[in-house]
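The sequence and model come first.

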Amino acid sequence: MLSGTLLPIADLLTPDRIAVHSAASDKDAVLAELVALAVPAGPARDGLLVDVRKREAQFTTALGDGIALPHARSRFVQDLQMSAVRLEVPIAFGASDGRPVELVFLVASPADAPGVHLESLRLWSHLFNDRSAMSALRLAPDAEHFREILRRAEAS
């Protein structure tokens, strides 16, 4: 079982923050969609998107195996925020294995919370190693099923 100081990812990643049929067609559109799912409209959303783009410009967050984990610490979020998309058509994200991504997860944490940020990335890393769960996410029919797959993976 995953443990730590954070709530389980499945508790933070609510169905309204998951898009299982994203039509985004490039990296920037995916980042914008992830931020829109994570943060209500307004200045915070715009600021977070700038921070996420800036982080992605430093080095790709594509992990290989069709998965990317864009992340940023930002003064525009007060609490840990997460969102996820499953792309209808995989897109290039600059992965070292050359494979386009189809599962993309956002982690946005407060600028003054580096420990929370690192812990959340650690939890995601653990989940990404669960090939069965990642395969199931690629087939989830809706956000509720997507979230339930994550919940079961975290519990194992």
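The structure is a predicted model.

## Val-104 in strand S6

Val-104 belongs to strand S6. With a relative accessible area of 0%, Val-104 is buried, because buried means under 20%.

Leaving out residues up to four places away in sequence, Val-104 touches Val-30, Leu-34, Ala-68, Pro-70, Ser-83, Ala-84, Val-85, Leu-87 and Phe-93. Pro-141 is 37 residues from Val-104 in sequence, and their C-alpha atoms are 16 Å apart.

## Nonpolar cores

In soluble globular proteins, nonpolar side chains tend to be buried together. In this model the largest nonpolar core has 27 residues. Those with the most contacts inside this core are Leu-13, Phe-105, Trp-124, Leu-137, Phe-146 and Leu-150. At least two core residues come from each of the following: helix H1 (9-12), strand S1 (18-22), strand S5 (81-91), strand S6 (101-110), helix H4 (114-128), helix H5 (131-137) and helix H6 (143-155). Another core, of 24 residues, lies apart from the largest one, and its members include Ala-38, Val-52, Val-85 and Val-101.

What does Leu-137 contact beyond its neighbours within four places in sequence? Its partners are Arg-86, Leu-103, Phe-105, Phe-146, Ile-149 and Leu-150. Among these, Phe-105, Phe-146 and Leu-150 are listed with Leu-137 among the residues with the most contacts inside the largest core.

## Salt bridges

The model has eight salt bridges. One of them joins Asp-11 and Arg-151, whose closest N and O atoms are 3.0 Å apart. Asp-11 lies in helix H1 and Arg-151 in helix H6, so this pair ties together parts that are 140 residues apart in sequence. Both ends are partly exposed: Asp-11 has a relative accessible area of 31%, and Arg-151 has 30%.

Two further pairs link helix H2 (residues 27-38) and helix H3 (residues 43-58). In one, the side chains of Lys-27 and Glu-56 meet at 3.3 Å, N to O. Lys-27 lies in helix H2 and Glu-56 in helix H3, so the bridge ties together parts that are 29 residues apart in sequence. Glu-56 is buried at 7% relative accessible area, whereas Lys-27 is partly exposed at 26%. In the other, Asp-28 and Arg-53 meet at 2.7 Å, N to O. Asp-28 is in helix H2 and Arg-53 in helix H3, so this bridge ties together parts that are 25 residues apart in sequence. Asp-28 counts as partly exposed at 37% relative accessibility, as does Arg-53 at 34%. Salt bridges with shared partners also join Asp-11, Glu-148 and Arg-151 into one network.

Thr-61 sits in the loop between H3 and strand S2 (62-64).

The side chain of Thr-61 makes a polar contact of 2.5 Å with the side chain of Glu-56. Glu-56 also takes part in the salt bridge with Lys-27. Setting aside neighbours within four places in sequence, Thr-61 is in contact with Arg-55, Glu-56, Ile-67, Ala-68, Leu-69, Pro-70, His-71 and Phe-93. Val-104 likewise touches Ala-68, Pro-70 and Phe-93, among other residues.

Terms used: Residues are numbered from 1 along each chain as its sequence is written. This is a predicted model: local features need pLDDT of at least 70, side-chain atom pairs count only at pLDDT 80 or more; totals for chains, interfaces and linings use all residues. Side-chain values use heavy atoms; hydrogens and water are left out. A nonpolar core is a set of buried Ala, Val, Leu, Ile, Met, Phe, Trp, Tyr and Cys residues joined through side-chain atoms within 4.5 Å. Buried means under 20% relative accessible area, exposed over 50%, partly exposed in between (1.4 Å probe, protein chains only). Helices (H or I, at least four residues) and strands (E, at least two) are DSSP runs, numbered from the N terminus. Contact means heavy atoms within 4.5 Å. A salt bridge is a side-chain nitrogen of Lys or Arg within 4 Å of a carboxyl oxygen of Asp or Glu. A polar contact is a pair of N or O atoms within 3.5 Å; within protein, one must be able to donate a hydrogen and the other to accept it, and residues adjacent in sequence count only if both atoms are side-chain atoms.
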